[in-house]
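User: I would like to learn how to read strand pairing, helix packing and cores in a model. Can we work through one example?

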Amino acid sequence: MLDFGLTDLVPEEYNTRLGSELVDGDEITGKILIGELERSVTGEREVAQFYLVISSAHDQSKWVCKFRVPHYPETDTLHITVGSAFYTFLDSLHHVVNKTPLNWKENYYLHFPQFQKTVNQSLDTVTVKAVPPVNDDEGRVNLVVTSAGIKPKTTSSSPATIYSLAENDPTILQAYSSLRNKGDRITIKNISFQLKSFRDDGDISEVDYENALSALKRLKPSVDYL
């Protein structure tokens with residue numbers, strides 16, 4: 001039998017919201033995804049647009065934000081100028097992840113395929129905050145990245161255990177230790193409930209909660225308990 005990708009899993013329903021609805025001070029935390037590049041010609045210049053999607057499992061919302069930037073088709077490179085909406089996002093992302101200074105360069109030249117691959121494969125949960133645009137005529141807020149989680153690299157082909165995750169993730173270790181102290185079974189389900197309790201009580205951040213859940217979901221069923 002050929003595998004056509006059929007599954008019994010029902011996708012979670014998310015409420016789709018547009019980035020244009022955001023106002024100054026709004027904050028979003030969720031999984032990040034960079035969409036495909038769409039090219040067009042305006043006058044004598046080629047421009048490209050793409051969508052950034054941030055999906056929050058906490059309130060089942062999916063925020064879709066569009067960026068439109070000059071494009072060089074010969075090298076699939078984007079030209080990002082200081083003051084633009086995408087500059088604010090990219091510069092703050094680079095600052096949070098790579099510890100570079102803010103406003104690191106006046107202009108960025110970005111190889112889009114590499115950018116898309118890195119974000120989609122390496123970044124987990126991010127938090128962005130809506131801030132006033134640098135240019136008042138833009139008519140919408142800009143997005144500043146305030147925190148970002150990096151997916152752990154797989155170092156072994158053998159199944160990970162909850163304990164091995166806890167050794168490398170202080171958030172999971174906190175939940176693991178709490179369950180162990182109470183004498184509860186160490187299962188993925190129980191760890192997840194404990195993490196939710198920590199988040200609701202303000203003991204861990206939304207980003208830490210989402211990243212920990214993501215790591216737990218990558219475990220195989222054979223290591224559901226210890």
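User: Which residue in strand 5 is the bridge partner of arginine 17?

Analyst: Keep in mind that this is a predicted model. To read a pairing, find the bridges, then the direction of the strands. In strand 5, tryptophan 63 is the bridge partner of arginine 17. Four bridges link strand 1 (residues 15-18) with strand 5 (residues 61-72), in the parallel sense.

User: In what sense do strand 4 and strand 5 run, and how many bridges join them?

Analyst: They run antiparallel, with 10 bridges between strand 4 (residues 45-56) and strand 5. Then look at the turn. The hairpin of strands 4 and 5 has four residues between the strands, and glutamine 60 has a positive phi near 55°.

User: How many bridges pair strand 5 with strand 6?

Analyst: Two, in the antiparallel sense; strand 6 covers residues 77-81. Here tyrosine 72 faces threonine 77 of strand 6. Four residues lie between the strands in this hairpin too, and aspartate 76 takes a positive phi near 55°.

User: Now the helices. At what angle do helix 5 and helix 6 pack?

Analyst: Read the angle together with the axis distance. Helix 5 (residues 188-200) packs on helix 6 (residues 206-217) at about 175°, and their axes are 10 Å apart. Angles over 145 degrees count as roughly antiparallel, so helix 5 is roughly antiparallel to helix 6.

User: Which residues make that contact?

Analyst: From helix 5 come Ile188, Ile191, Ser192, Leu195, Lys196 and Arg199. Helix 6 supplies Glu206, Tyr209, Ala212, Leu213 and Leu216. By class, the contact residues of this helix pair are seven nonpolar, one polar and three charged.

User: How many residues does the largest nonpolar core have, and which have the most contacts inside it?

Analyst: The largest nonpolar core has 34 residues. Phe50, Leu78, Ile80, Phe86, Phe89, Phe115 and Val128 have the most contacts inside it. Helix 1 (residues 85-98) gives the most to this core: seven residues. A second, separate core has 19 residues, including Ala175, Ala212, Leu216 and Leu219. Ala212 and Leu216 also belong to the helix 6 side of the contact with helix 5.

User: What is leucine 78 in contact with, leaving aside neighbours within four places in sequence?

Analyst: Its contacts are Leu37, Ala48, Phe50, Val69, Pro70, His71, Tyr108, Tyr109, Leu110 and Phe112. Phe50 is itself listed among the core residues with the most contacts.

How values were computed: Residues numbered from 1 in each chain as written. Predicted model: local features only at pLDDT ≥ 70, side-chain atom pairs only at ≥ 80, totals over all residues. Heavy atoms only, no water. Axes fitted to C-alpha atoms, helices over the stretch in contact; angles between N-to-C directions. Parallel < 35°, antiparallel > 145°, perpendicular 65-115°, else oblique. Contact = heavy atoms within 4.5 Å. Nonpolar A, V, L, I, M, F, W, Y, C, P; charged D, E, K, R; others polar. Core = buried A, V, L, I, M, F, W, Y, C linked by side-chain atoms within 4.5 Å. Buried < 20%, exposed > 50% of the residue type's maximum accessible area, 1.4 Å probe, protein only. Pairing = 2+ DSSP bridges.
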